[in-house]
Amino acid sequence: MSHRLGHKRHGSIDLLEVIGVVNEKGSQGYLPPVHTPLTYDYVLVANNVHDASSETFKKQVAFVNALKSKKLKISKIPDDEKVFYGIKAPKEIFEQYRYLLKVSDACNWSYEQQGCVPLSTRIRIVNFILHHTCISDTGEYLQDLMKKNVFEAEFCLHEKKEQKELRKSWARWTACFQGQPITNVRNYFGEKVALYYLWLGWYTFLLIPAAVLGVIVFLYGLAFYNTSPLIKEVCDSNTIMCPLCDKCKVWHLSEICDYAKVNLLFDNEGTVAFAMFMAVWATVFLEFWKRHRASYVCEWKVFDWSEEEEELIMEIVNNPDCEPKQHKHSYLRSILVMVFVTLMLVLIIGLAHALVVFRVIAAVQLTDSSWEFVSDHASLVALMLGAVLHYLTITIMTRVNRIVAIKLCDIERVRSNAGTERSFTVKMFTFQFFTLFSSLIYTAFFLGRINGHPGKYTKLVGKWRLEECHPGGCLIDLFIQMAVIMVLKQIINNVFEITGPWLSRWMKRRKLPRKKRRCVNCYVKENQEPKVGMQLCDNCKLQDLQRNYRLNKVDCFSLFNEFLEMVIQFSFTTIFVAAFPLAPLLALLNNIIEIRLDAIKMVSLERRLVPQKTNNIGVWTTVLEAVGVLAVIANGLVIGISSDFIPRLVYKYYYGPCYNSTEPSVNCMSGYINNTLSTVQVNDPGLNFHLSQLMTDEIHNVTHCSYKDYRSSEDYSLTPQFWLILAVRLAFVILFEHVVVICKFIAAWFVPSSSLQVKNTRLHDKLKRLKEELSGETFY
């Protein structure tokens with residue numbers, strides 16, 4: 001097993017272990033430990049109603065009786081204000097489940113066939129039965145009863161011994177530089193949670209080369225920006241630039257010397273190579289992830305697992321007389337969903353336009369500010385305020401998007417829970433993607449390109465001029481927005497993610513009365529190997545229930561939220577990385593913290609998630625592949641359309657001094673800045689500049705000013721150089737995308753989704769299973 005990734009070798013330290021994302025894994029023949037629960041498989045909590053004639057009490061009794069009719073054992077544990085219903089399923093239910101697994105098409109290789117049913121499976125089956133049991137008279141299910149406060153909470157219990165082991169080896173800050181015990185996580189939380197942490201650890205590990213290369217690109221720009229002739233030309237220039245807004249004054253090009261240096265940090269030759277690398281990196285990451293995942297699901301005996309087939313099995317276990325849910329399709333419902341999705345996207349894009357309007361108006365108003373710095377940098381301040389407002393919009397729209405996505409899934413009426421989850425994931429990610437990236441797309445591809453020119457500026461409602469690119473370059477606007485959103489999103493999210501559960505648990509502890517200390521006998525029982533018939537005393541049972549009840553609530557969105565957060569981060573890291581090469585570094589640092597933060601929440605601060613069995617991360621793989629394709633398109637457009645890489649290239653080989661000179665001492669980029677500027681006479685009656693705008697501290701009567709564009713100074717028509725540059729831009733975008741896509745296909749083909757060891761292991765397992773079946777069969 002030493003050839004496997006993450007295996008610890010004697011006398012050496014694995015790089016994966018150093019960053020704390022290595023995954024500890026046992027042998028191929030490993031079977032998870034089977035625990036005999038000391039208390040219950042599942043727990044319901046309700047308010048202690050003393051009035052037997054009340055409707056709430058009657059529904060509690062009716063639902064409990066419905067559960068008893070399915071042979072579930074219910075224990076009522078009353079407290080002062082609450083009543084706990086401990087639920088335990090008999091052995092017969094799990095024997096039925098095991099037999100149906102054996103005769104199923106896709107689930108018959110599960111480890112449940114090789115021993116007793118583990119507690120994680122018991123919890124999953126009982127949870128399914130609870131949510132598919134209704135009161136016969138009213139037809140109300142558990143979710144309906146919880147909405148009416150008949151029951152207050154539902155949860156499965158943490159196992160103190162296993163919880164303590166996970167807290168010691170994984171769920172603590174000092175374990176940041178230790179490996180992840182993925183197999184233990186799988187045994188406790190199920191395959192779905194384990195695969196999330198396996199994916200997050202793999203993603204974090206592969207961010208290391210991307211982060212290192214991003215830093216190198218940044219340092220490359222840092223090393224040469226002081227000696228760059230372009231920077232020198234800007235800083236030493238005497239050119240007077242036209243006003244950037246209706247209330248702004250003319251300004252000297254040399255005023256943006258520092259911003260020009262910042263722009264060159266991210267807009268240089270290294271950025272092109274880095275963008276190509278990141279586009280290919282996204283594919284390599286996904287292909288190696290599929291290979292990495294395959295080794296684990298093969299070991300866990302869930303390689304061919306089908307969630308929908310297991311759901312069908314549990315439906316039979318819950319009700320042997322159940323009828324299958326038919327596959328149905330309604331064109332009317334599909335059209336309704338498409339219409340509502342389109343309307344939602346229009347609303348989200350409309351909010352992005354509202355942010356543009358805010359920045360335009362804010363820039364004008366800030367020029368009248370009494371603070372000199374704000375008035376002098378009105379456009380920059382407006383841009384940063386817009387980025388903060390964008391973040392607040394994201395926070396609000398996240399809640400709205402979830403509500404809408406749930407409603408659309410209800411309209412669709414997908415047959416299975418797994419299908420509903422896939423549908424919800426696609427809709428929610430689509431809404432979140434447009435919420436996050438609509439403003440960035442405008443900044444990257446439209447800002448400064450639709451605002452017109454002197455004498456014919458594009459104005460909102462004929463009053464406010466559309467904003468222009470930052471004087472230092474269009475990529476600065478994109479860089480500032482990405483930096484603000486990524487930093488704010490990661491820092492604020494992590495702060496709320498850790499403080500929220502702590503405060504919530506502290507408040508619950510204060511409200512609930514303290515119980516007397518646990519007895520010594522029960523403490524010993526919890527810390528030794530469980531035995532059949534072993535039980536805790538009544539007081540310790542109640543304490544255990546109270547301890548779990550005080551923890552923060554979890555639901556079906558708990559793991560989804562973590563996945564969505566990471567996939568959105570993956571999108572930021574790849575799609576506009578050409579404008580922000582430090583994005584992989586920020587993502588790497590965040591993820592090292594995120595792994596332990598999520599682990600601490602799940603183990604210590606939240607109720608236990610219902611373990612779910614699966615063999616992959618579901619539709620998220622398709623989403624990540626789509627993001628990889630978008631990354632190729634977006635980065636090609638950013639470099640080809642938004643950056644100055646192509647204009648510099650055209651000038652160097654066609655318009656610059658080197659075009660007609662072969663002398664090695666000639667600076668090929670000399671005069672480039674002036675070449676990108678067009679000049680207008682301010683006394684032209686069509687310009688409508690105010691006299692107050694045409695004064696500087698040194699000059700009181702400006703006669704001409706310049707602006708960044710390729711236009712004639714006579715009739716403002718576009719020059720032939722503009723059309724040549726546009727043609728080269730489009731050619732570059734096409735060439736870039738074709739080259740990168742070919743590289744992606746080669747990388748995907750070169751890395752098979754399953755290793756030879758996985759294939760051979762599965763072959764031996766199948767052969768062994770067939771031989772065992774043959775030896776146990778009697779032929780007549």
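# Questions about a predicted model

Reader: Hello! Which residues touch the most other members of the largest nonpolar core?

Author: They are Phe151, Phe189, Trp199, Trp281 and Phe576, in a core of 173 residues. Helix H8 (residues 191-224) gives the most to this core, with 17 residues. Apart from it lies another core, of twelve residues, including Ile240, Cys242, Val682 and Phe689. Please keep in mind that this is a predicted model, in which local features need pLDDT of at least 70 and side-chain atom pairs count only at pLDDT 80 or more, while totals for chains, interfaces and linings use all residues. Residues are numbered from 1 along each chain as its sequence is written, and side-chain values use heavy atoms, with hydrogens and water left out.

Reader: What makes a set of residues a nonpolar core?

Author: The members are buried Ala, Val, Leu, Ile, Met, Phe, Trp, Tyr and Cys residues, joined through side-chain atoms within 4.5 Å. In soluble globular proteins, nonpolar side chains tend to be buried together.

Reader: Which residues does Trp281 touch?

Author: Leaving out residues up to four places away in sequence, Trp281 touches Tyr203, Leu206, Leu207, Ala210, Phe570 and Thr574. Touching here is a contact, meaning heavy atoms within 4.5 Å. Among contacts between residues at least 6 apart in sequence, 78% join residues at least 24 apart.

Reader: Why is Glu287 called buried?

Author: Buried means under 20% relative accessible area, exposed means over 50%, and partly exposed lies in between (1.4 Å probe, protein chains only). Glu287 has 11% relative accessibility, so Glu287 counts as buried. Glu287 is found in helix H11 and touches Ala747, Ala748 and Val751, not counting residues up to four places away in sequence. Over the whole protein of 780 residues, 52% count as buried.

Reader: And why is Glu165 called partly exposed?

Author: The relative accessible area of Glu165 is 47%, so Glu165 counts as partly exposed. Glu165 is found in helix H6 (residues 160-169).

Reader: What counts as a helix or a strand?

Author: Helices (H or I, at least four residues) and strands (E, at least two) are DSSP runs, numbered from the N terminus. By that rule the protein comes to 26 helices and twelve strands.

Reader: What makes Arg122 and Asp41 a salt bridge?

Author: A salt bridge is a side-chain nitrogen of Lys or Arg within 4 Å of a carboxyl oxygen of Asp or Glu. The side chains of Arg122 and Asp41 meet at 3.1 Å, N to O, so the pair is a salt bridge. The pair links distant parts of the chain, 81 residues apart: Arg122 is in helix H4 (residues 119-131), and Asp41 is in the loop between helix H1 (15-18) and strand E1 (42-47). Both are buried, Arg122 with a relative accessible area of 13% and Asp41 with 1%.

Reader: How many salt bridges does the count come to?

Author: The count comes to 23 salt bridges. One of these pairs is Glu625 and Lys290, with the closest N and O atoms 2.7 Å apart. Glu625 lies in helix H22 (residues 620-642) and Lys290 in helix H11, so the pair ties together parts that are 335 residues apart in sequence. Glu625 is partly exposed, at 33% relative accessible area.

Reader: Why does the pair Arg422 and Glu308 tie together parts of the sequence?

Author: The side chains of Arg422 and Glu308 meet in a salt bridge (3.0 Å, N to O). Arg422 lies in helix H16 (residues 417-445) and Glu308 in helix H12 (residues 307-318), so the pair ties together parts that are 114 residues apart in sequence. Arg422, at 40% relative accessibility, counts as partly exposed, and Glu308 counts as partly exposed at 27%. Elsewhere, salt bridges that share partners join Lys59, Glu140 and Lys148 into one network.
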